[in-house]
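Please consult it alongside the sequence and structure shown here.

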Amino acid sequence: MKLKRIIFVVLGCLCLALGCIGIALPILPTVPFFLATVFFFANSSQRLHDWFVGTKMYKKHLESYVKKKGMLMKTKVTIVSSVTIMMAIGFILMFRKEIYIPCAILAVVWICHVVYFFFGVKTISEAPEVLTEQ
């Protein structure tokens with residue numbers, strides 16, 4: 001294997017791991033890491049790229065974003081609500097211990113998540129595309 005391909009495989013695996021961790025940890029964003037995974041796998045190995053694009057995780061979280069440059073409102077709400085719940089738990093626990101600076105940082109990160117998903121990512125409809133007769 002060429003050195004470039006090895007580096008891309010390693011970076012792809014690292015981004016995949018960070019994206020998976022980001023599913024449970026609200027501080028790490030999943031979408032950018034999974035997009036980076038697609039990029040690195042596509043440039044390292046067609047087989048790895050095909051595998052990742054075929055996973056349920058990719059189809060559920062990224063396929064509409066990559067193909068149509070947007071997300072369903074249902075996907076946005078699911079992402080933001082799960083992030084809100086996870087961050088709220090951390091916020092409440094830190095606030096109870098009077099740890100205010102991390103609470104403020106967490107609040108800013110949460111606001112950035114909400115602004116990005118509702119204003120930065122285009123909302124697409126679930127309606128199937130209608131074919132016109134010629």
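The model is predicted. Helices α6 and α7 approach to within 10 Å, axis to axis, and α2 packs with α3 at an axis separation of 6 Å. In α1 the buried residues line one face of the helix, and those of α7 likewise line one face.

**Helix α1 (residues 3–24)**

- The 22 residues of α1 should span 32 Å at 1.5 Å a residue, and the 33 Å between the end C-alpha atoms agrees with that expectation.
- Buried positions in α1 are F8, V9, G12, C15, L16, G19 and G22.

- Helix α2 comprises 15 residues and extends 21 Å from its first C-alpha to its last, close to the 21 Å expected at 1.5 Å a residue.
- The buried residues of α2 are T30, V31, F33, F34, T37, V38, F40, F41 and S44.
- The axes of α2 and α3 lie 6 Å apart, at an angle of about 150°.
- Because angles over 145 degrees count as roughly antiparallel, α2 is placed in that class relative to α3.
- From α2, the contact involves F34, T37, V38, F41, A42 and S44, while α3 contributes Q46, L48, H49, W51 and F52.
- Seven nonpolar and four polar residues make up the contact of α2 with α3, with no charged residues.

**Helices α6 (residues 73–96) and α7 (residues 100–120) as a pair**

- The axes of α6 and α7 come within 10 Å and cross at roughly 175°, and the two helices are therefore roughly antiparallel.
- On the α6 side, the residues in contact are M73, K76, V77, I79, V80, V83, T84, M87, G90, F91, M94 and F95.
- On the α7 side, they are Y100, P102, C103, L106, A107, V109, W110, H113, V114, F117 and F118.
- By class, the contact of α6 with α7 has 19 nonpolar residues, three polar and one charged.

**Faces of helix α7**

- Helix α7 has 21 residues and reaches 28 Å from first to last C-alpha, close to the 30 Å expected at 1.5 Å a residue.
- C103, L106, H113, V114 and F117 are buried in α7.
- Viewed down the axis of α7, the buried residues fall within an arc of 90°, so they line one face of the helix.
- The cover over these buried residues includes β1 (70–72) and α6.
- I101, I105, F119 and G120 are exposed, on the face of α7 turned away from its buried side.

**Two individual residues**

- A104 belongs to helix α7 and is partly exposed, with a relative accessible area of 43%.
- Between A104 and F91 there are 8.7 Å in space, C-alpha to C-alpha, and the two are 13 residues apart in sequence.
- E98 is located in the loop between α6 and α7 and counts as exposed at 57% relative accessibility.
- The phi of E98 is near 60°, a positive value in a residue other than glycine.
- By way of context, most residues other than glycine have a negative phi.

Technical notes: Residues are numbered from 1 along each chain as its sequence is written. This is a predicted model: local features need pLDDT of at least 70, side-chain atom pairs count only at pLDDT 80 or more; totals for chains, interfaces and linings use all residues. Side-chain values use heavy atoms; hydrogens and water are left out. Helices (H or I, at least four residues) and strands (E, at least two) are DSSP runs, numbered from the N terminus. The expected span of a helix is 1.5 Å times one less than its number of residues. Buried means under 20% relative accessible area, exposed over 50%, partly exposed in between (1.4 Å probe, protein chains only). The arc is that of the directions from the helix axis to the C-beta atoms. Axes are lines fitted to C-alpha atoms, for helices over the stretch in contact, and angles run from 0 to 180 degrees between N-to-C directions. Angles under 35 degrees count as roughly parallel, over 145 as roughly antiparallel, 65 to 115 as roughly perpendicular and the rest as oblique. Contact means heavy atoms within 4.5 Å. Ala, Val, Leu, Ile, Met, Phe, Trp, Tyr, Cys and Pro count as nonpolar, Asp, Glu, Lys and Arg as charged, and the others, Gly among them, as polar.
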